[in-house]
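This report describes the fold of one protein chain and some of its individual residues. The sequence and structure come before the discussion.

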Amino acid sequence: MIQQTPDQYQDIRDGVRALCANFPDEYHRKVDQARGYPEEFVDALVKEGWMAALIPDEFGGSGLGLAEASVIMEEINRSGGNSGACHGQMYVINTLIKYGSEEQKQKYLPAIAAGDLRLQSMGVTEPTTGTDTTKLKTTAVKKGDRYIVNGQKVWISRVQHSDLMILLARTTPLEDCAKPSDGMSIFMVDIKEAQQNGLTVNPIRNMVNHETNELFFDNLEIPAENLIGTEGQGFKHLLSGLNAERVLIAAECIGDAYWFLDKVTAYTTERVVFGRPIGQNQGVQFPIAESYIETEAANLMRFEACRLYDADEPCGAQANMAKYLAAKASWEAANACIQFHGGFGFAEEYDVERKFRETRLYQVAPISTNMILSYIGQHVLGMPRSF
């Protein structure tokens, strides 16, 4: 295994690697082939407490920071797994921890930490608005002690394998708001109960074994007590979770990149063509070395974003840059890995094509590279807004 820059998280790395060793590439390959969900793997992560890393001690969690959580996600991917099956809980839960009432936290967090409830899903994206979140059309109208929800969401992940979902809906019409980001609110939704009362879930098959869905809300009633934080401030509440999401995805991409680098350096060292290891050729060696350099740089930006987030300081730029750098590094490493494996890179038994598909997603989601560049251009460089 490639030696990466030492850090203070070796105990976490060793623990997660030991668990992941019980779920080798063959396990994840079979789950992928069956378009299944790694129930046993996720349950093992929960049982050993890794999925409760960010939950405060008083609610049964470990009370760790985003840096530690990011290392957990990184090691899952570096071990050949796909954190996309479970990473939602890591970043979705931040909104509940930071803005939930004491009653809400007492109700949900201990059960989530114990594995009795799963909070893996967040309903934000809509088919007609995409990343233009302030234009979302799903509405929540208050009537007495309930909110009535109508609308549609798309690309909502892990709904079929989660008990709870955090939902963003507009509670005040856009035209009545002082700012476009005002007038949206966040709600906790009991998914199974909602499916009996106005929520329809349609699965979307895609090139990655990533459970994602289109949702339809038809007069779904949500108790007013399920409102998280302040009505109308939901978008602001959500931003904290979105920054955490970008950092965690960056860590997963870093894990993917190291997996590809481990795989390709071993293969190109052993594979002999024309009487010499192919890794001896600079045309093979240089792209791999470049990918390693990019991965190490992304790793540093990831930990800078974590440092700021855990200190409760502004970290939007660092979170976005970490995600951009890591997604790029993992994609370049994936390309080098599949290229230098030749035909074997396309064979399922080598797992390269599976991981290749998985890491490609992060050029597009949860935020596209172009949106990150626009953010940096406007908010960091002070250039005119481009859209």
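The model is a predicted one. Helix α11 spans residues 352–360 and is mostly covered, with 8 of its 9 residues buried. The buried set consists of V352, E353, R354, K355, F356, R357, E358 and T359.

Q33 counts as partly exposed because its relative accessibility is 44%, and the class runs between 20% and 50%. Q33 and N150 are 117 residues apart along the chain, and 36 Å separates their C-alpha atoms.

## Overall fold

The protein chain contains 12 helices and 10 strands. Its radius of gyration is 21 Å, which agrees with the value near 21 Å that a compact globule of 387 residues would have. Along the principal axes, the C-alpha atoms fill a box of roughly 80 × 50 × 40 Å.

Of the contacts between residues at least 6 apart in sequence, 73% join residues at least 24 apart.

## Surface and charge

Of the 387 residues, 56% count as buried. The chain exposes about 16900 Å², and carbon and sulfur atoms supply 52% of that area.

Charged side chains number 36 positive and 51 negative. The centres of the two sets lie 4 Å apart.

In soluble globular proteins, nonpolar side chains tend to be buried together. In this model the largest nonpolar core has 63 residues, and the members that touch the most others are I72, I76, M90 and L119. Helix α4 (residues 66–78) gives this core its largest share, 7 residues. A second, separate core has 28 residues, including I2, A250, W259 and A333.

## Backbone features in loops

The peptide bond from A365 to P366 is cis, with omega near 0 degrees. P366 sits in the loop that links α11 and α12.

Two residues other than glycine have a positive phi: R158, near 60 degrees, and F274, near 55 degrees. R158 belongs to the loop between β3 (146–157) and β4 (164–170), while F274 is in the loop between β9 (272–273) and β10 (276–277). Are these residues buried or exposed? R158 is buried because its relative accessible area is 3%, under the 20% cut-off. F274 is exposed because its relative accessible area is 83%, over the 50% cut-off.

## The segment after α12

S386 is found in the segment that follows α12 (369–380). Its relative accessibility is 55%, so S386 counts as exposed. S386 and Y375 are 11 residues apart along the chain, and their C-alpha atoms are separated by 9.3 Å.

Methods. Residues numbered from 1 in each chain as written. Predicted model: local features only at pLDDT ≥ 70, side-chain atom pairs only at ≥ 80, totals over all residues. Heavy atoms only, no water. Core = buried A, V, L, I, M, F, W, Y, C linked by side-chain atoms within 4.5 Å. Buried < 20%, exposed > 50% of the residue type's maximum accessible area, 1.4 Å probe, protein only. Helix = DSSP H or I, 4+ residues; strand = E, 2+ residues; numbered from the N terminus. Rg over C-alpha atoms; globule rule 2.2 N^0.38 Å. Contact = heavy atoms within 4.5 Å. Areas by Shrake-Rupley, 256 points an atom, 1.4 Å probe, with all protein chains shown as cover. Lys, Arg positive; Asp, Glu negative; His and termini not counted. Charge placed at Lys NZ, Arg CZ, Asp CG, Glu CD.
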